[in-house]
Structure formats: structure tokens, C-alpha cells
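Please keep the sequence and the structure in view while reading.

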Amino acid sequence: MLISFEGLDFSGKTTQIKLLVDRLKSAGHDTVLVREPGGTPISEKIRNILLDNKNKEMTQIAELFLFSAARNQLVNQVILPSMKDGKIVICDRFYDSTTAYQGYGRGINIEAITKINEIATMRTKPDLTFFIDIPINEITKRRLSANTSIIDRMESSGEKFYEKVRNGYLEIAKNEPERFFVINGLQDVNTIHDTIWKIISKNL
């Protein structure tokens with residue numbers, strides 16, 4: 001099984017992933033956790049390029065292809081072999097991120113992105129996807145609460161960009177309700193986890 005998690009910055013996505021991985025392992029499931037971009041030596045190098053604030057001149061198309069290149073390495077080297085071995089793969093972001101960020105956020109043609117996603121993933125599709133949804137103003141609140149002023153190249157895109165990205169995720173959910181679940185990220189951490197676990201339990 002392939003399960004992906006999506007969410008804007010400070011949505012609590014990483015916390016929910018950790019809780020799920022721990023619970024799956026406790027239940028005896030062989031589980032592999034990967035992140036995007038990253039997860040392989042080549043993909044991690046691409047990640048550094050994508051997030052480096054020094055690369056502000058990067059074009060939107062270059063950004064799209066770099067994310068896709070990192071994803072292709074991850075799918076070939078880790079995701080497909082792990083699934084073939086009967087393991088559950090938990091992916092911190094997958095191709096829905098590209099659709100939301102580069103498609104709805106940057107304004108690149110969605111049909112073109114869909115084709116590129118298919119090539120990059122070799123048509124590998126998550127069985128379940130969870131989008132931890134929070135309002136845009138909540139990002140600022142949580143960043144201030146975390147007392148961090150360091151933001152990477154993607155995080156510096158601004159609130160209007162993130163609003164487009166969030167709306168993009170909600171549009172994906174509307175189009176694929178059987179796979180893509182929107183979870184209210186303002187709820188208590190354990191409540192969110194229990195909701196996710198109930199959905200996954202039905203599919204294990």
C-alpha cells in the first residue's frame with residue numbers, strides 16, 4: 001500500500017505521519033517512510049537545489065522538472081521495490097504536491113502537469129492521500145509560535161500563492177473523493193490521528 005500526506009507548511013502533517021508510522025509498526029506492519037523531494041542520494045541533492053534561497057532565479061518550469069526528477073528516482077529506487085516486497089510506504093508529499101504547487105499555485109497547465117506526473121511516477125498512484133488542511137492565516141500564527149524566521153525558497157512565495165495552492169488541494173479532493181481525504185488540521189492532534197487511522201484500518 002502507498003499512503004501519501006499533503007499539507008501546507010505548519011499544517012501538522014509531519015506530526016501525523018510520525019504517529020501513523022509508529023502505530024503501523026506497533027501493529028506489525030512493515031512500513032517505509034520517505035519524503036519528497038528526497039529519499040535517495042540524488043533526490044536529496046535535488047531537494048537542496050529546490051529549497052536553497054540562493055536559487056531565486058529558478059524558472060517555474062525548471063522547478064517543475066526538478067521536483068519530477070527527484071520523484072522519479074524515489075519511485076524507482078524506493079517506493080516500487082518496497083511495495084513489491086509487501087511493505088506499506090508512507091510518503092511525505094507525492095505528485096499531488098506538484099499539481100497543487102506548480103499547477104494551481106504557479107499557474108502551469110494542469111493537463112501538462114498530469115502527463116509529467118504520470119511519467120515521473122510510472123503511473124504509480126497512492127491508495128490513500130490525506131490533506132491536513134489549515135487556513136492560510138494559521139500558517140503565520142504557527143510560524144510565530146514556533147519562533148522561527150528561517151524560511152526556504154518555496155516558503156517565501158507569499159500568502160496569495162499559498163491560497164492558490166490550498167484551493168488546488170481542495171479541487172483535487174473534489175475530483176478524487178475515494179482516494180483524497182481532507183482532514184481539518186485545526187483539530188486536536190489525537191483526534192486527527194484517530195480519523196486517519198479509521199480510514200486506513202478499513203483499507204488494510
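## Helix α3

How many residues does helix α3 have, and what span does it reach from its first C-alpha to its last? In this predicted model, α3 covers residues 60-84, which is 25 residues. The helix reaches 34 Å from first C-alpha to last. That is close to the 36 Å expected at 1.5 Å a residue.

The helix also has a kink. The bend is about 45° and is centred on Val75. Just after α3, Gly86 takes a positive phi of about 85°.

## The buried residues of α3

Which residues of α3 are buried? They are Glu63, Leu64, Phe67, Ser68, Ala70, Arg71, Leu74, Val75, Val78, Ile79 and Ser82. An α-helix has 3.6 residues a turn, so residues three or four places apart point the same way.

The buried residues of α3 pack against both strands and helices. The strands are β1 (2-7), β2 (31-35) and β3 (88-92). The helices are α2 (41-51), α4 (95-105) and α5 (110-121).

## Leu2 in strand β1

Strand β1 is one of the elements that the buried residues of α3 pack against, and Leu2 lies in that strand. Is Leu2 buried or exposed? Leu2 has a relative accessible area of 0%, so it is buried, the cut-off being under 20%.

Leu2 and Thr31 are 29 residues apart in sequence. In space, their C-alpha atoms are 10.0 Å apart.

## The whole protein

The secondary structure comes to 8 helices and 5 strands. From the N terminus on, the elements run β-α-β-α-α-β-α-α-β-α-α-β-α. The radius of gyration is 16 Å, close to the 17 Å that the globule rule gives for 204 residues, so the protein is as compact as a globular protein of that length. The C-alpha trace spans about 45 × 35 × 30 Å along its principal axes.

Of the 204 residues, 48% count as buried. Among contacts with a separation of 6 or more, 80% are between residues 24 or more positions apart. The accessible surface comes to about 10300 Å². Carbon and sulfur atoms account for 52% of that surface.

Definitions and conventions. Residues numbered from 1 in each chain as written. Predicted model: local features only at pLDDT ≥ 70, side-chain atom pairs only at ≥ 80, totals over all residues. Heavy atoms only, no water. Helix = DSSP H or I, 4+ residues; strand = E, 2+ residues; numbered from the N terminus. Expected span 1.5 Å × (residues − 1). Bend = angle between axes of the 7 residues up to and from the residue. Buried < 20%, exposed > 50% of the residue type's maximum accessible area, 1.4 Å probe, protein only. Contact = heavy atoms within 4.5 Å. Rg over C-alpha atoms; globule rule 2.2 N^0.38 Å. Areas by Shrake-Rupley, 256 points an atom, 1.4 Å probe, with all protein chains shown as cover.
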